[in-house]
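Reader: I have a model open and some questions about how it is put together. Can we go through it piece by piece?

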Amino acid sequence: EPPADFICPITTEIMSDPVMAADGHSYERSAIERWLATKSTSPMTGEALVHSFLAPNHTLRRQIREWQQARA
């Protein structure tokens, strides 16, 4: 089982391009972009997001890749 942090809360799949939203949670980029196209709230909390900027989560991406390579 992959660590819970590696799973996108929207897609429920392991992320390949994780980004952090204003709510402090990480999501798969394409999933959160689709979400933000029609909503301005956090998928996790339902609260309004203060901005829609998505920051690449390089650390999480590296951890996911290392975990995947270790299991290959």
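Reader: Which residues touch the most other members in the largest nonpolar core?

Author: Ile-32 and Leu-54, in a core of 13 residues. A nonpolar core here is a set of buried Ala, Val, Leu, Ile, Met, Phe, Trp, Tyr and Cys residues joined through side-chain atoms within 4.5 Å. Before going on: this is a predicted model, where local features need pLDDT of at least 70 and side-chain atom pairs count only at pLDDT 80 or more, while totals for chains, interfaces and linings use all residues. Residues are numbered from 1 along each chain as its sequence is written, and side-chain values use heavy atoms, with hydrogens and water left out.

Reader: Which helix gives the most to this core?

Author: Helix α1 does, with three residues. Both α1 and α2 (58-71) supply at least two residues each. Helices are DSSP runs of H or I of at least four residues, strands are E runs of at least two, and both are numbered from the N terminus.

Reader: Back to Leu-54. What does Leu-54 touch?

Author: Leaving out residues up to four places away in sequence, Leu-54 touches Val-19, Met-20, Ala-21, Ile-32, Glu-33 and Leu-36. Contact means heavy atoms within 4.5 Å.

Reader: Now the sheet. What is the strand order?

Author: β2-β1-β3, in an open sheet of three strands with antiparallel pairing. β2 (26-28) and β3 (55-56) are the edge strands, each pairing on one side only. Two strands pair if DSSP finds at least two bridges between them.

Reader: How many bridges join β1 to β2?

Author: Three, and these two strands run antiparallel. Val-19 stands opposite Tyr-27 in β2.

Reader: Which helix packs on the sheet?

Author: Helix α1 (residues 29-38), which touches β1, β2 and β3. The direction of α1 makes about 95° with that of β2. Axes are lines fitted to C-alpha atoms, for helices over the stretch in contact, and angles run from 0 to 180 degrees between N-to-C directions.

Reader: Switching to charges. How many salt bridges does the structure hold?

Author: Three. A salt bridge is a side-chain nitrogen of Lys or Arg within 4 Å of a carboxyl oxygen of Asp or Glu.

Reader: Which residues are linked in a network?

Author: Asp-17, Arg-29 and Arg-61. The Arg-29 to Asp-17 bridge is 2.9 Å, N to O. That pair joins helix α1 to the segment before β1, 12 residues apart. For Arg-61 and Asp-17, the closest N and O atoms are 2.6 Å apart. Here Arg-61 is in helix α2 and Asp-17 is 44 residues away.

Reader: Is Asp-17 buried, exposed or partly exposed, and why?

Author: Asp-17 counts as partly exposed because its relative accessibility is 21%. Buried means under 20% relative accessible area, exposed over 50%, and partly exposed in between (1.4 Å probe, protein chains only).

Reader: And where do Glu-66 and Arg-62 lie?

Author: Both are in helix α2, four residues apart, about one turn of the helix.

Reader: What about the phi of Thr-12?

Author: It is near 60°, a positive value in a residue other than glycine. Thr-12 lies in the segment before β1 (18-20), and Thr-12 counts as exposed because its relative accessibility is 59%.

Reader: Last one. Which residues does the UniProt annotation cover?

Author: The unreviewed UniProt entry gives "domain: U-box" for residues 1-72. UniProt positions are in the numbering used here, feature names are shortened, and annotations may be inferred rather than shown by experiment. That span is 33% helix and 11% strand, with its end C-alpha atoms 14 Å apart.
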